[in-house]
Amino acid sequence: MIKRRNETKDVLIELVAVAFLATGGIFVKLSAFSPINTGFYRVLFSIPLLFPLAFRNLGKLKTKDVIFLFCAGIFLAGDVALWNISFRYTSVANANLLANLTPFTVIPLSFLIFKERPPKLFLLGACITVAGVFILISGKAAPSTSDYFGDFMAFCASFFYAGFLLISYHLRDRIASSVIMFVSSFGSAAALFAAA
């Protein structure tokens with residue numbers, strides 16, 4: 001009974017987190033800053049919030065791990081920059097959907113790099129997702145070139161996010177998620193600052 005209550009609580013927390021992620025694009029559209037500057041401040045303000053969660057395990061990091069996490073942050077910066085730019089040209093729905101096509105990159109690369117077999121329902125899910133993408137993109141009443149540019153930017157963002165996920169996946173057996181997010185935020189902030 002207690003285990004089920006904890007699982008329900010975890011699912012509710014995950015739903016709230018997904019809701020915040022999904023609505024983030026609206027705030028990017030409303031921001032007075034440029035898309036990349038908005039992304040920079042988003043990452044910068046997360047660093048002090050992540051520090052209390054990560055500081056106990058920071059001493060266990062090796063130099064090689066810090067370099068990998070910094071690189072992961074650069075991939076995350078590419079994702080944030082392109083995703084934020086896409087909101088200026090396409091709808092929040094399109095940008096969110098296309099930026100979250102990472103399984104199409106992560107699962108094949110996980111098979112090639114880590115020798116992990118794809119989930120049994122991957123092909124079925126992939127077919128449904130591709131159908132949904134075509135319906136969403138072709139369903140615009142009067143599509144313009146800028147709409148397709150925004151869609152393309154969001155789609156490119158998914159490759160950068162996949163790079164971040166693959167590096168994080170490689171390290172998560174040894175390094176806490178909070179540490180991964182904290183250290184990679186420095187790489188991300190540096191890359192976004194340079195891009196801005």
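The model is predicted; local features require pLDDT of at least 70 and side-chain atom pairs count only at pLDDT 80 or more, while totals for chains, interfaces and linings use all residues. Residues are numbered from 1 along each chain as its sequence is written, and side-chain values use heavy atoms, with hydrogens and water left out.

The protein has eight helices and zero strands. Helices (H or I, at least four residues) and strands (E, at least two) are DSSP runs, numbered from the N terminus. The pattern along the sequence is α-α-α-α-α-α-α-α. Along the principal axes, the C-alpha atoms fill a box of roughly 55 × 40 × 40 Å.

Of the 196 residues, 37% count as buried. Buried means under 20% relative accessible area, exposed over 50%, and partly exposed in between (1.4 Å probe, protein chains only). The accessible surface comes to about 12,200 Å², with 72% belonging to carbon and sulfur atoms. Areas come from the Shrake-Rupley method with a 1.4 Å probe; for residues, only the protein chains shown count as cover. Among contacts (heavy atoms within 4.5 Å) between residues at least 6 apart in sequence, 84% join residues at least 24 apart.

Helix α2 covers residues 35-54. Its 20 residues should span 28 Å at 1.5 Å a residue, and its end C-alpha atoms are 28 Å apart, which agrees. The expected span is 1.5 Å times one less than the number of residues. A kink of about 35° is centred on P48. The bend at a residue is the angle between axes fitted to the seven residues ending there and the seven starting there. Buried residues of α2 include I36, G39, F40, V43, I47, L50 and A54. An α-helix has 3.6 residues a turn, so residues three or four places apart point the same way.

G39 also contacts V80, a residue of helix α3 (residues 63-86). V80 is buried, with a relative accessible area of 7%. Neighbours within four places in sequence aside, V80 is in contact with G39 and L192. V80 and I175 are 95 residues apart in sequence; their C-alpha atoms are 23 Å apart in space.

S168 lies in helix α7 (residues 145-171). S168 counts as buried because its relative accessibility is 10%. Its side chain reaches the backbone oxygen of F164 at 2.9 Å.

Conventions. Polar contact = N/O pair within 3.5 Å; in protein donor to acceptor, adjacent residues only side chain to side chain.
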